[in-house]
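Welcome, and take a moment to look over the model before reading on. This report walks through a few of its places in turn, starting with a loop.

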Amino acid sequence: MANVAKNMEDEKRCPECGGALEMRGYRHVEHVGHTKVTDGTGMALQCKECGEPMLSLLALAGYERRAASLVLRDGKHVDGAVVRYARKALGLRQTELAALLQCTPETLSRWENSALQMKRAEQLALVALIEGVERDGVR
């Protein structure tokens, strides 16, 4: 029983400095291609001492998908790095995303390597996939 209490106490401490944790407003920054995306709408456990946030993998994946969606929706800075980032944020292989976008894996590879510009309709189809995962939690 003492070990359980010790583990619960450790969970309330920062793994970096040992400081106490508290729920605070959180500002997350992602770099999607050459675009910096800042999301200041979240809450996260943060260390009172060093400010280190404690994010779950699920929360981090959500920040990544929303950042990719924002850059794709804007459409001004979409290059291969953005397409690759979006695919990875969805947790898909090239063949899987190509099937969902109804294109060949070779075409997707060309988009990701900036050998071929992704058309606006295809960018918006990718946004729809990301937003479907955000809304429904499935892909």
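Ser 114 sits in the loop that links H5 and H6. Helices (H or I, at least four residues) and strands (E, at least two) are DSSP runs, numbered from the N terminus. This is a predicted model, in which local features need pLDDT of at least 70 and side-chain atom pairs count only at pLDDT 80 or more, while totals for chains, interfaces and linings use all residues. Residues are numbered from 1 along each chain as its sequence is written, and side-chain values use heavy atoms, with hydrogens and water left out.

With 48% relative accessibility, Ser 114 counts as partly exposed. The terms work like this: buried means under 20% relative accessible area, exposed over 50%, and partly exposed in between (1.4 Å probe, protein chains only).

Gln 102 is found in the loop between H4 and H5. Its phi is also positive, about 55 degrees, although Gln 102 is not a glycine. Gln 102 follows H4 and, at 74% relative accessibility, counts as exposed.

**The helices on either side**

Which residues of H5 are buried? They are Thr 107, Leu 108, Trp 111 and Glu 112. Seen down the axis of H5, these buried residues fall within an arc of 140 degrees, so they line one face of the helix. Here the arc is that of the directions from the helix axis to the C-beta atoms. The cover over the buried residues of H5 includes H3, H4 and H6.

In H4, the buried residues include Leu 97, Ala 98 and Leu 101. They cover an arc of only 105 degrees around the axis, which puts them on the same side of H4. Among the elements covering the buried residues of H4 are H3, H5 and H6.

Trp 111 of H5 deserves a visit of its own. Trp 111 is buried, with a relative accessible area of 3%. Not counting residues up to four places away in sequence, Trp 111 touches Asp 79, Gly 80, Val 83, Leu 101, Cys 103, Leu 116, Gln 117, Met 118 and Glu 122; contact means heavy atoms within 4.5 Å. Trp 111 and Val 78 are 33 residues apart in sequence, and their C-alpha atoms are 9.7 Å apart in space.

**The nonpolar core**

In soluble globular proteins, nonpolar side chains tend to be buried together. A nonpolar core is a set of buried Ala, Val, Leu, Ile, Met, Phe, Trp, Tyr and Cys residues joined through side-chain atoms within 4.5 Å. The largest one here has 25 residues, and Leu 72 and Leu 126 touch the most other members. At least two residues each come from H2, H3, helix H4 (94-101), helix H5 (105-112) and helix H6 (120-136). H3 gives the most, with six residues. Setting aside neighbours within four places in sequence, Leu 72 is in contact with Val 78, Val 82, Ala 86, Arg 120, Gln 123, Leu 126, Val 127 and Ile 130.

**Where H2 meets H3**

The axes of helix H2 (residues 57-74) and helix H3 (residues 80-90) come within 9 Å and cross at roughly 145 degrees. Axes are lines fitted to C-alpha atoms, for helices over the stretch in contact, and angles run from 0 to 180 degrees between N-to-C directions. On the H2 side, the contact is made by Glu 64, Arg 65, Ala 68, Val 71 and Leu 72, and on the H3 side by Val 82, Tyr 85, Ala 86, Ala 89 and Leu 90.

Thr 35 lies in strand E2 (residues 35-47), and Leu 55 lies in the loop between strand E3 (53-54) and H2. The C-alpha atoms of Leu 55 and Leu 45, 10 residues apart along the chain, are separated by 7.4 Å.

| Residue | Relative accessibility | Class | Contacts |
|---|---|---|---|
| Leu 55 | 28% | partly exposed | Tyr 26, His 28, Ala 44, Leu 60 and Tyr 63 |
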